[in-house]
Amino acid sequence: MKRVFALILAFALCFGLCACGGGSTESKDSPEDKVSSAVISRITVEILLSYDTNGTPTITTYVDEIGNNRYEVTGKVTVYDKYSDSYTGKYDAEVEYDPATGHCDVDLDLGTLYKD
């Protein structure tokens with residue numbers, strides 16, 4: 001009886017493992033999502049290299065398609081320094097998206113951040 005129960009348990013575990021697999025590893029993000037993520041990553045790196053910040057900046061993005069796989073991204077950045085003073089500024093970016101590779105070429109114009 002114990003062997004039959006162990007065999008049933010083994011089949012149930014194997015079936016459970018098979019049911020969990022088969023998921024696609026491809027991202028289902030839209031081109032706009034990928035463009036927005038690329039701009040946010042680029043801004044975050046620029047902020048961390050240029051400012052003495054306390055944490056991750058808050059970034060808003062507005063994405064508009066201006067041509068075939070070309071996007072214009074605008075928005076606002078808010079960051080806090082180590083003294084908890086907030087700095088805010090606007091940015092503009094033009095992004096060329098390659099759908100074959102998912103690569104985004106970001107041309108960023110991050111304006112000066114002003115103390116609030």
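1. The accessible surface of the protein chain amounts to about 8,400 Å², and 54% of that area belongs to carbon and sulfur atoms. Accessible areas were computed by the Shrake-Rupley method with a 1.4 Å probe, and for residues only the protein chains shown count as cover. The structure is a predicted model, in which local features need pLDDT of at least 70, side-chain atom pairs count only at pLDDT 80 or more, and totals for chains, interfaces and linings use all residues. Residues are numbered from 1 along each chain as its sequence is written, and side-chain values use heavy atoms, with hydrogens and water left out.

2. The protein chain contains 2 helices and 6 strands, in the order α-α-β-β-β-β-β-β along the sequence. Helices (H or I, at least four residues) and strands (E, at least two) are DSSP runs, numbered from the N terminus. Of the 116 residues of the protein chain, 24% count as buried. Buried denotes under 20% relative accessible area, exposed over 50%, and partly exposed in between (1.4 Å probe, protein chains only). Among contacts in the protein chain with a separation of 6 or more, 45% are between residues 24 or more positions apart; a contact requires heavy atoms within 4.5 Å.

3. Helix H2 spans residues 31–50, has 20 residues and reaches 29 Å from its first C-alpha to its last, close to the 28 Å expected at 1.5 Å a residue. The expected span is 1.5 Å times one less than the number of residues in the helix. The buried residues of H2 are Val35, Ser36, Ala38, Val39, Ile43, Thr44 and Ile47. Their cover includes strands S1 (58–59), S2 (62–67), S3 (70–80), S4 (86–98) and S5 (103–110).

4. Which residues have the most contacts inside the largest nonpolar core? This core has 18 residues, and those with the most contacts inside it are Val39, Ile43, Tyr91, Val95 and Val106. The elements that give two or more residues to this core are H2, S3, S4 and S5, and the largest share, 5 residues, comes from H2. A nonpolar core is a set of buried Ala, Val, Leu, Ile, Met, Phe, Trp, Tyr and Cys residues joined through side-chain atoms within 4.5 Å. Not counting residues up to four places away in sequence, valine 106 touches Ala38, Val39, Arg42, Ala93, Glu94 and Val95.

5. Valine 79 belongs to strand S3 and is buried, with a relative accessible area of 2%. Beyond residues up to four places away in sequence, valine 79 touches Ile47, Thr53, Pro57, Asp85, Ser86, Tyr87 and Leu113. The C-alpha atoms of valine 79 and glycine 55, which are 24 residues apart along the chain, are separated by 7.8 Å.

6. Strands S2 and S3 run antiparallel and are joined by 5 bridges; two strands pair if DSSP finds at least two bridges between them. Glutamate 72 in S3 is the bridge partner of aspartate 64. The hairpin of S2 and S3 has 2 residues between the strands. Asparagine 69, in the loop between S2 and S3, has a positive phi of about 60° although it is not a glycine. Asparagine 69 is partly exposed, with a relative accessible area of 22%.

7. Serine 84 has a phi near 70° and lies in the loop between S3 and S4. Is serine 84 buried or exposed? With a relative accessible area of 53%, serine 84 is exposed.

8. Strands S4 and S5 are also antiparallel, with 8 bridges joining them. Aspartate 92 has aspartate 109, in S5, as its bridge partner. The hairpin of S4 and S5 has 4 residues between the strands, and glycine 102 takes a positive phi near 80° there.

9. Threonine 88 is found in strand S4 and is buried, with a relative accessible area of 18%. The side chain of threonine 88 makes a polar contact with the side chain of aspartate 116 at 2.7 Å. A polar contact is a pair of N or O atoms within 3.5 Å; within protein, one must be able to donate a hydrogen and the other to accept it, and residues adjacent in sequence count only if both atoms are side-chain atoms. Leaving aside neighbours within four places in sequence, threonine 88 is in contact with Lys76, Val77, Thr78, Thr112, Leu113, Tyr114 and Asp116.
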